Every structure is written in structure tokens, then in C-alpha cells.
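Please find below a short note on the model, arranged as numbered points.

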Amino acid sequence: MTASRPEPHASGLIEAMKRIAAGDFSTRLSAGAHDAPPADVAEVFNRMAENLQGTNHERDLSTTSLAADLAAAQKELERVSLTDPLTQVANSIALAELIRNELDASAAGGRPPALLALDLHSFREVNGSVGHCAGDEILQVVARRIRGAIRETDTLARIGGNEFAVLLPQSNLTRARRVANRLSKVLGETLLVNDADVRCAASVGLRVADSDELAETFLRKAVAAMEAARIMPTGNVKVFEPALLHAKQLQSDMISDLSYAIRNDQLVLYFQPVVELATGRIEGVEALVRWQHPERGLVMPDNFIPLAEETGLIVELGMWVLTHAVTQLSEWQVAGVVDSTFNMRVNISSSELRNLELIEHVRDALRITGVKSANLIIELTESMAINEGHLDQYSVMGLRRLGVQLEIDDFGTGYSSISYLRKLPVNVVKIDRSLITDLGVESKQEGFVAAVLQLIHSCGMKALAEGIETPEQAQILARMGCESGQGYLFGRPAAAADVVAMLGPAVFYG
Ligand code: C2E
Ligand code: MG
Ligand code: MG
């Protein structure tokens, strides 16, 4: 919101005005053009142009009525260029101007303004499920709700697709916080759109301007607070604090570092053995990525996968992992370290599943390395396989058609419903560590895990338990018919060279 460029719909109007001013009175605005202003504005303009064309021979441009027409058009032009066309509230340009005025007034001795930045955080999902027209309607309703909850003298502006800002002139923290809480409550209530109840709750960032704060800094701080509010576990109003900008800077440094890391092979794959519980034989490994950071040392995936997912870098990262994991398997096969039944497991994130090139990439990786598709197991999380739309089904089925095996990871942390599980085209279900931890500690946990195993088997799928740390847990699971296991008992994730040493037959429990 730094540049004061006209809105796209105003550019047609500006061009037309220029042509009129140059004496071309035949200029007209057509309603359908991409840069056309709203129909009512176009109509006023065209009427004015007609007047000009009709009377041009008799009067010159300085007549009173002509000047009035031009002044009205000029005023309308200004209004359009400062208004968000969808919601009819102020746009970013108007907001920036008002912020500057308020900061000037405050520097001259008035009370400081406060700024609330609002993000409708679930809007994207709602928009996806109810459609774009309904999405537009939601934004209009939301704008009306906000307007109804603030004073006449406060300004509401739309500053992004699903972001609004409210400028409170001459405010203070107590009042601003009260307004923020009220807006958060009002927006948390359901909206009726297309006969459906939707919820589009907002995260609110709050900043009260310091004396001599610049307009841009003021807005940046409110937005940083809003972003922090979005990820807060409780409540959703956040007051700006300096640490937030520092955290943002760190995050942006990390994004560019991670992008560099992917392209320059700073990532490394660790492999964790998966064993056949009945025999202790290592049947495969799971590839787990780490980041060998030049200053921070070995960074674990939980510290960078969420960031990669948020920024879209996950697609590139996922391709790196897939290529390197399949290449590693091929090298082990060629060296005779593993037999033809040995599997490589690779985790993929939901945004990778949404990427249309995924199937192509898997096919290429298998073709180039000569690894058979049946030796590759893709791990998906339960919510991914269940929640997502057609595209993901398309990717899931595409992977199945390639002959790749599919596994549900972290089972037991999501929906875990029998009817869902039955419908999923997967071969193996990996039971989450949280269900295994208490095995051998709490007696009722055994009955629960037995029921989960029964459910998996009744769906015709195999079971793998993760997070096995004790021989007792392994024995109980083996006795209950769980086919495979993974966990520190059998081996921690390790670099490729160290895994090779583990690949002999081993008995871990008696
Ligand atoms: P996950 O796929 O569920 O991987 C299992 C995690 O549990 C691994 O953590 C592993 O080190 C840990 N673990 C294994 N056995 C035990 C055990 O006996 N006890 C305990 N306490 N932990 C155990 P890690 O490597 O830190 O990975 C964490 C998560 O990061 C993975 O969970 C996966 O969701 C994600 N991840 C790792 N690599 C990739 C990748 O290449 N792509 C994607 N998209 N995600 C990845
Ligand atoms: Mg996994
Ligand atoms: Mg897991």
C-alpha cells in the first residue's frame, strides 16, 4: 500500500477523461471492459460526454454547466479511486492518506490513532467450499458487520483479499482493545450465505501509534500483530510488540535460507528402519529430512516443514526428498545391500498432493533410477486423504495407478472413522506414536489398540505401529497381529551410511 496507483477499474475512467480533455467528445465508456468503472459511474460519464458532444459547437469549455459537469466527474473519479469496488469501503490508498492525516494531527498535540488489522483466517477454505460469488457476498456482509460495530468517525478499509483495517482516530490502548474484542466477537458469529451457515472468524492485530511514527511503520506493526494473532493458540486479538518484527525478520531470513538450502543440497535424508514385528527383519526405511544448516547445525523437520508448507517451498523440498530417497534405494539395490522386497517410505504434505506435477515427478524418479513403483510407499496424513477435494483424489488415484503403495501416517490423531478408512485407497495404516506410548503402561490401552488393529484389518489393510520404544510394546503389538513396527527400539533415524550397518538380520525381543 505504498504506491498510490489508481485502482484497475479507475484507469479506464482516467484515460477517458484525458481524451475528453483533449477535445475528443466522442469518447464513451463501455460497461463490460476490464478496466471499466462501475456501471453507474460509466453512465454519468457517458451522459456528460453526450452533453459535451451535443453542445460543443455552441459553447466553449469554460461555460458554467460544463465546468460543473467536469467537477462532478472529477469528484466521482476521486471517489472511485479511493473505494474498494466490492465492499464500497475505503481502499488501501484512502487508508494511507487518512493514517497520515491522523499521525500529523497527533504530532501536533492530539491523541494518537490506533489501527486494527483484521484477517478472516478461515476465508480461503470457506471461499473454496461455497464458491467465489458467495465469497464476495461474505466479504460484503463482513464489511457491513464491522461498519455496524464501529463509530461513524472510525474508518473501515479493505487492505487485501480477506484483510480489513479499522482506523480509530484519537484513541488509546483501552478503547482500541475494546473495539478489537467487539469486532472479534461480532465476526465470530455465523453468517447466512446461500442458505448455508458459514463461520469466518477474524484474527485482529492492534497498534496504537507512537509519537512521530511513520504511516508505513504504523500499518506494518498492526499487520505483524495480526499475523501473530493468526497463530495464537488462544484468543485472537494481539497487541503489537517489538519482538514480533524481529520474529518476522528471522522468518523471512529463514525462508531465503531454506530456498537456498534446497537448491544447494544442504538438506540431508535420514532413514529410520521399519521392521516386520514377527521376525525383526528390516523390511524398509522411512526417509526423514533434516537441514544441515551452516550455523545452526542439524535442524529437525518440525522446525522448517511448517514454514515450507506455508510458503509453497514444500513442493520443491518434496521433490528433492523424493528424488534423493528413490536414488538412495536404487544405490542400495545395486550394491546388493537390500533385496527386492525392501521399501522406501516418503512423507508428502497436502500442498504437494495438490501439485499436478507430483505424479509426473514420481514417474520420472522411478524411471530414471529403475526402482519399481511397488517399492515406494508414500505416507499421507489421514486428514489430507479425507478432507481434500477432487484434485487430491485425482493425485491419490494417479499414484495408485502408477503402482506406488499408499500409507496413512499418524493414524489416530485425525478422524479415524471406520467409514472413512474403508473408502481410502491405501495399503498400510501407520498407528500414531501417541497410541503406542502407553502400551504396556496402562492396561486399558491394550484393548484400545487391539480394536484399532481390528478396524484396520477389517478394511483389508496392514498395520504399522510407530514410536515403539520398549521390547514390551513390540511384543504386545506382535501378539495382537500388528504386521510392522518402527521406533527407537529398532533404530533411530540415521544417515545412509549408518543405516547400512543396521541392515543385517536382528532380533530385538525374545
Ligand atoms: P512422521 O512422518 O510421523 O515421522 C516420525 C517421527 O517420529 C520422526 O520425527 C521420527 O524421528 C520420530 N520417531 C520415530 N521413532 C520414534 C520413537 O520411538 N520415539 C519418539 N519419541 N519419536 C520417534 P522427525 O524425523 O523429527 O519428523 C517429524 C515429522 O516431520 C514427520 O513425522 C513428518 O511429518 C515430517 N517430515 C519428516 N520428513 C519429511 C519430508 O521429507 N517431507 C514431509 N512433507 N514431511 C516430513
Ligand atoms: Mg511419516
Ligand atoms: Mg508418523
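**Helix 4 and the magnesium site**

1. An α-helix has 3.6 residues a turn, so residues three or four places apart point the same way.

2. The model is predicted: local features need pLDDT of at least 70 and side-chain atom pairs pLDDT 80 or more, while totals for chains, interfaces and linings use all residues. Residues are numbered from 1 along each chain as its sequence is written, chains are lettered from A and ligands numbered from 1 in the order written, and side-chain values use heavy atoms, without hydrogens and water.

3. Helix 4 covers residues 92-107, 16 residues in total.

4. At the start of helix 4, the backbone nitrogen of Ile93 lies within 3.2 Å of a side-chain oxygen of Asn91. Just after the helix, Gly109 has a positive phi of about 115°.

5. Glu286 (OE), Asn347 (OD1), Glu379 (OE) and Asp409 (OD) coordinate the magnesium ion (ligand 2) at 2.0 to 2.2 Å. Donors are N, O and S atoms within 2.8 Å of the metal (3.2 Å for Na, K and Ca); water is not among the atoms, so sites may look incomplete. The donor spacing in sequence is E-x60-N-x31-E-x29-D.

6. Glu286 in strand 9 (residues 282-293) and Glu379 in strand 12 (residues 376-381) are 93 residues apart, a pair linking distant parts of the chain. Glu286 counts as buried because its relative accessibility is 4%; Glu379 counts as buried at 1%. Helices (H or I, at least four residues) and strands (E, at least two) are DSSP runs, numbered from the N terminus.

7. Asp409 coordinates both the magnesium ion (ligand 2) and the magnesium ion (ligand 3), which are 4.0 Å apart.

Notes
Buried < 20%, exposed > 50% of the residue type's maximum accessible area, 1.4 Å probe, protein only. Expected span 1.5 Å × (residues − 1). Polar contact = N/O pair within 3.5 Å; in protein donor to acceptor, adjacent residues only side chain to side chain.
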